[in-house]
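Hi there,

Here is the structure I promised to pass on to you. Have a look at it first, and then read on for my notes.

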Amino acid sequence: EAIQTDDSLRIASMTKLIVATGLLLLQQEGKVNLDDYITNYIKPSLINKIENYQTITVRQLLAMTSGIPDYSDQDAFIDVIDQDTNRIWQYEEAISYVYNVPQSFEPGTNWEYSNTNYVLIDAIVEGATGFTLAQELRRLIFTPLLMQSTYMEFRESSAENGTKLSTHGYDGEENVTQINDAIGFGDGGLVSTNEDLGAFMQALFAERWLLSEASLSEMMSFHSTEHYGLGIEQLSTSHGIALGHDGSSSGFSGEMYYFP
């Protein structure tokens, strides 16, 4: 059966573009400064076993230039996912898998894709606002854009209109929807629909009212070799430049791009 535009699915790392937009909106409100050290917002006990934690900025998390390793690449984490597919995680648990793991590079000196960066955003938003990332994304983005079928899986019971995950994910013939490896944080935890994601991309890029021009310019400050900005990828395609993000988790994959 063909997927419909109002079918809800796990969007995995496409979540990152929405989360980065939320952080830029919080900066516009004066609640976060992207050039602050993450220690301004996160209690030391959560991050003091991460190398160089005192010199990492919020911007470096969003831009993937922090050097923090990816928790989802750690063997110990992969073992738990394999053994306990239905586990509901807390972000403190996910972050703990990179404790005392050597950093890939000094903060700000290189680029490496790491989901841990965006799990730390959950902690930053709570520290800065007193609300969860899910609550702030709803206030800043989902409600104003009428994205009624979008919600943070495992953090919210369902979308505003009661919609829950309607699409099953498959690995070949096997239904793998129950495997929870997009574990519900800022790195990949959203459930959404094509309609809602279209509304988001329209507001962000085509109509250009969701972010200020200054914030949009910050978002699209791309790494010189990796072409990754703040939660956004820039691709060269046969149809010209594409702006957006892709995502994949067990049984789900997708791409969300705008063509200027």
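**A charge over a ring**

Let me begin with Lys16, which sits over the face of Tyr118, 5.8 Å from the centre of the ring. Please keep in mind throughout that this is a predicted model.

**The aromatic pairs**

There are eight aromatic pairs in the model. One of them joins Phe77 and Tyr97 edge-to-face, with 5.5 Å from centre to centre and 75° between the planes. Phe77 belongs to helix α4 (residues 75–83), while Tyr97 is in the loop between α5 (91–96) and α6 (116–129), so this pair ties together parts that are 20 residues apart in sequence.

Another edge-to-face pair is made by Tyr113 and Tyr228, with 6.2 Å centre to centre and 90° between the planes.

Now to the strands. β6, β7 and β8 make up an open sheet of three strands, in the order β6-β7-β8 and with antiparallel pairing. Its edge strands are β6 and β8 (252–258), each of which pairs on one side only. From one strand to the next, the twist averages 40°.

Looking at the pairings one by one, β6 (residues 233–237) and β7 (residues 240–249) run antiparallel and are joined by five bridges. These two strands form a hairpin, with two residues between them. If you want a place to look, Ser236 stands opposite Ile241 in β7.

How many bridges join β7 to β8? Seven do, and these strands also run antiparallel. Here Leu243 has Tyr258 in β8 as its bridge partner.

There is a helix to view together with this sheet: α8 (residues 194–206) lies across β7 and β8, and it runs at about 30° to β8.

My last stop is Gln27, which is found in helix α1 (residues 15–28). Gln27 has a relative accessible area of 18%, and because this is under 20%, the residue counts as buried. What does Gln27 touch, leaving aside residues up to four places away in sequence? Its contacts are Val32, Asn33, Leu34 and Glu218. Thr193, by contrast, is 27 Å from Gln27 in space, C-alpha to C-alpha, and 166 residues away in sequence.

That is my tour. If you open the model again, you could start with the pair of Phe77 and Tyr97, and then turn to the hairpin of β6 and β7.

Happy viewing, and do write back with any questions.

Best wishes

Technical notes. Residues are numbered from 1 along each chain as its sequence is written. This is a predicted model: local features need pLDDT of at least 70, side-chain atom pairs count only at pLDDT 80 or more; totals for chains, interfaces and linings use all residues. Side-chain values use heavy atoms; hydrogens and water are left out. Two strands pair if DSSP finds at least two bridges between them. Helices (H or I, at least four residues) and strands (E, at least two) are DSSP runs, numbered from the N terminus. Axes are lines fitted to C-alpha atoms, for helices over the stretch in contact, and angles run from 0 to 180 degrees between N-to-C directions. Contact means heavy atoms within 4.5 Å. Rings of Phe, Tyr and Trp (its six-membered ring) pair if their centres lie within 6.5 Å; planes under 30 degrees apart count as stacked, over 60 as edge-to-face and the rest as tilted. A charge sits over a ring if NZ of Lys or CZ of Arg is within 6 Å of the ring centre and within 35 degrees of the ring normal. Buried means under 20% relative accessible area, exposed over 50%, partly exposed in between (1.4 Å probe, protein chains only).
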